[in-house]
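Let's take a walk through this structure, one step at a time.

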Amino acid sequence: MLVKEIGEQGLLSIVQGFCPSEIVGDDAAIMSVPGDQSLVITTDMLVDEVHFSDRTTSPIDVGWRSAAVNLSDLAAMGAFPCGITVALGITGDKPVEWVEQLYQGLTSCLNQYNTPIIGGDICRSSVTCISITAFGTVNPKLAIRRSVARPGDVIVVTGYHGDSRAGLELLLHPELRTGLTSDQRLFLIQAHQRPQPRLDILPKLQTLLASHPATAIAGMDSSDGLADAIVQICRASQVGSQVQRHQIPLSEALQTFVPPQQALEWALYGGEDFQLVLCLPRTLGETLVQQLGTEASIIGEIRSNPKILLIDDAEPSTEEELSLSRGFQHF
C-alpha cells in the first residue's frame with residue numbers, strides 16, 4: 001500500500017496511533033506543567049513548490065508565512081506565543097541573502113507578538129524546507145479544543161475567507177485582466193503572502209469565558225479551508241452542523257474578482273486564510289460578534305444530526321454536504 005493510496009487523512013490516522021490519544025487531534029498539543037498555565041506546542045513545515053515558490057513568494061514573505069502558520073495554530077488553541085525554533089533545510093547553492101531575508105520575514109511577523117526565535121537547526125537538503133516548532137501558554141480552563149462543540153452552539157468565523165486563494169491566483173497569473181482596483185489587488189495578494197494569525201481575538205474570548213466559567217469553546221483555524229475546519233470540529237465533537245451559504249463573509253475584493261459561485265468555492269475550500277472558526281453558545285457568540293464588528297460573523301449552528309450541511313433557506317434545493325476531499329490534500 002502506498003501513501004498516495006490512503007491519502008493525507010488516512011496517513012494521519014496511522015501516525016496518530018503512535019501518540020497519546022488525549023494529547024493529539026487539535027491544532028496543537030497541550031501539556032500540563034507546574035503552575036496555573038499549560039504548555040502548548042505545535043510544529044508546521046513549509047516546503048518549496050508545495051507551500052511556496054519563487055514565482056509567488058519572496059523569501060521575506062516565506063519567513064512571514066512560516067511564522068504566521070504556527071502562531072495561528074497557537075491562536076486556535078487559545079494560547080499566547082512565547083517562542084519558536086526554526087529548522088531550515090537548504091542547498092549549498094542557496095544565496096546567503098535569501099536566508100537573511102527569510103529570517104527578516106520571520107522576525108517581522110514575530111515581533112508583533114513579542115515572540116523570539118529561541119533556537120533551531122540547519123542542514124543540507126535538496127529541497128528548501130522550513131520547519132517551525134512554536135511554544136505558547138494557556139490557562140487550561142480557557143483552552144480551545146475541537147471536541148467540545150455542542151448542539152445549539154453557533155459557528156462564528158473571524159475575518160473573510162477565500163482571499164488567500166484569490167491572491168495566489170493573481171500571483172500565478174499576473175496577466176489576468178480584472179475589475180480590481182490596485183488597492184483590491186494588493187489586498188488579495190497580501191492575504192496570501194502576509195496572513196495575520198488571529199491572536200488579537202484571544203483577549204476578548206478570555207474575557208467572555210471569565211464571565212462564563214462553565215462554558216467551553218470549540219474551534220480551530222481555517223488553514224486548510226473553512227469547510228475543512230467545520231468538518232474537523234464536527235467529527236471531533238460527534239455532532240453535525242448547518243452552515244448558511246449567504247452568511248459566509250466574502251470581501252468586496254473577492255466578489256469583484258470572481259463570480260459568486262467561484263468566490264464561495266474558494267471561501268470553503270481555498271484554504272490558507274488562517275482565520276478562527278469557533279463554536280460557542282448563541283448568547284456568547286452574538287456578544288463576541290458585536291464586540292468584533294466586521295471582524296466576525298455567525299455563519300451557522302451545531303446540530304445533533306451528524307450531517308454537515310451547507311444550506312440556503314431561500315433555496316432548499318441547493319443543500320449540499322461539506323467535504324474534506326474538495327480542499328487541499330497533500331496526497
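The C-alpha centres of domain 1 and domain 2 sit 22 Å apart. Domain 1 covers 3-140 and domain 2 covers 144-321, with bounds that come from an automatic or database domain assignment. Keep in mind that this is a predicted model, where local features need pLDDT of at least 70, side-chain atom pairs count only at pLDDT 80 or more, and totals for chains, interfaces and linings use all residues. Residues are numbered from 1 along each chain as its sequence is written, and side-chain values use heavy atoms, leaving out hydrogens and water.

So where do the two domains touch? The contact (heavy atoms within 4.5 Å) takes 27 residues from domain 1 and 24 residues from domain 2. Between them, about 2500 Å² is buried, with carbon and sulfur atoms giving 49% of it; buried area here is the accessible area (1.4 Å probe) that two parts lose on being put together, summed over both. On the domain 1 side, Thr56, Trp64 and Arg65 supply 23% of the area buried against domain 2, more than any other three residues.

Arg65 turns up again in a salt bridge: its side chain meets that of Glu272 at 2.8 Å, N to O. The rule for a salt bridge (a side-chain nitrogen of Lys or Arg within 4 Å of a carboxyl oxygen of Asp or Glu) finds two of them across the interface of domain 1 and domain 2.
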